[in-house]
Amino acid sequence: MNNANGSVFKYPDNVDTDVIIPARHLNTQDAKELASHCMEDIDKDFIHNVKDGDIMVGGWNFGCGSSREHAPLAIKTAGISVVIAKSFARIFYRNSINIGLPIMECPEAVDAISAGDTVSVDFDTGVITDETTGKTFQAEPFPPFIQKIIADGGLMKSLTKK
């Protein structure tokens with residue numbers, strides 16, 4: 001997967017893992033069940049409106065809170081192709097890479113992109129394009145080894161792939 005294109009769901013600063021996937025739903029490891037509760041405490045309509053390939057945009061410190069890999073897994077399984085934020089909590093960042101969810105930091109893009117905009121992302125170059133407004137932004141592209149982990153669907157799949 002070298003690019004993403006979809007409609008934007010936009011969230012504020014400090015969206016924590018308990019908002020992404022509420023703790024009351026952590027009694028399952030089933031990714032589809034987790035995804036069915038993704039963002040429900042901050043956006044009850046998210047799971048009903050998200051489509052495969054859509055894009056999540058967040059503010060500063062996205063994914064703060066508990067160090068649960070369930071949060072990026074719920075986002076990815078819900079259909080989100082990439083999360084763009086001003087910054088990520090470090091453990092969320094690493095968990096996202098580990099499960100194969102592309103994430104990019106780009107404060108300028110977050111400030112300019114609105115909910116509902118159509119956005120495309122080129123993972124090879126780091127270029128984010130708001131197709132609704134025509135504006136482009138430059139994020140840091142992933143180094144090749146992280147691109148491989150994401151393309152393989154996560155770290156464990158990457159390690160076992162010959």
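Let's start with the cysteines: this structure, which is a predicted model, holds zero disulfides. A disulfide calls for two cysteine sulfur atoms within 2.5 Å. Looking from the other end, Cys64 is likewise in no disulfide, and its nearest cysteine sulfur, that of Cys38, is 15 Å away.

Are these two cysteines buried or exposed? Cys38 is buried, with a relative accessible area of 1%. Cys64 has a relative accessible area of 14%, and because buried means under 20%, Cys64 counts as buried too.

Met39 has a positive phi of about 65°, although it is not a glycine. Why point this out? Most residues other than glycine have a negative phi. You will find Met39 in the loop between helix 2 (31-35) and helix 3 (46-49). With a relative accessibility of 0%, Met39 counts as buried.

Now move on to Asn61, where the backbone again deserves attention. Asn61 is not a glycine, yet it has a positive phi of about 65°. Its place is the loop that runs between strand 2 (55-58) and helix 4 (70-78). How accessible is Asn61? Its relative accessible area is 28%, so Asn61 is partly exposed, given that this class lies between the 20% limit for buried and the 50% limit for exposed.

Which order do its strands take? Seven strands make up an open sheet with the order 4-3-2-1-5-6-7, and their pairing is mixed. The edges are held by strand 4 (103-105) and strand 7 (135-138). Each of these has a single partner strand, so one side of each is left without a neighbour in the sheet. If you turn the model to look across the sheet, you can follow how its neighbouring strands are turned against each other, by 30° on average with direction ignored.

Strand 6 (residues 127-130) is joined to strand 7 by four bridges, and the two run antiparallel. To find your way into this pairing, pick out Ile128: its bridge partner in strand 7 is Phe137.

Terms used: Residues are numbered from 1 along each chain as its sequence is written. This is a predicted model: local features need pLDDT of at least 70, side-chain atom pairs count only at pLDDT 80 or more; totals for chains, interfaces and linings use all residues. Side-chain values use heavy atoms; hydrogens and water are left out. Two strands pair if DSSP finds at least two bridges between them. Axes are lines fitted to C-alpha atoms, for helices over the stretch in contact, and angles run from 0 to 180 degrees between N-to-C directions. Buried means under 20% relative accessible area, exposed over 50%, partly exposed in between (1.4 Å probe, protein chains only).
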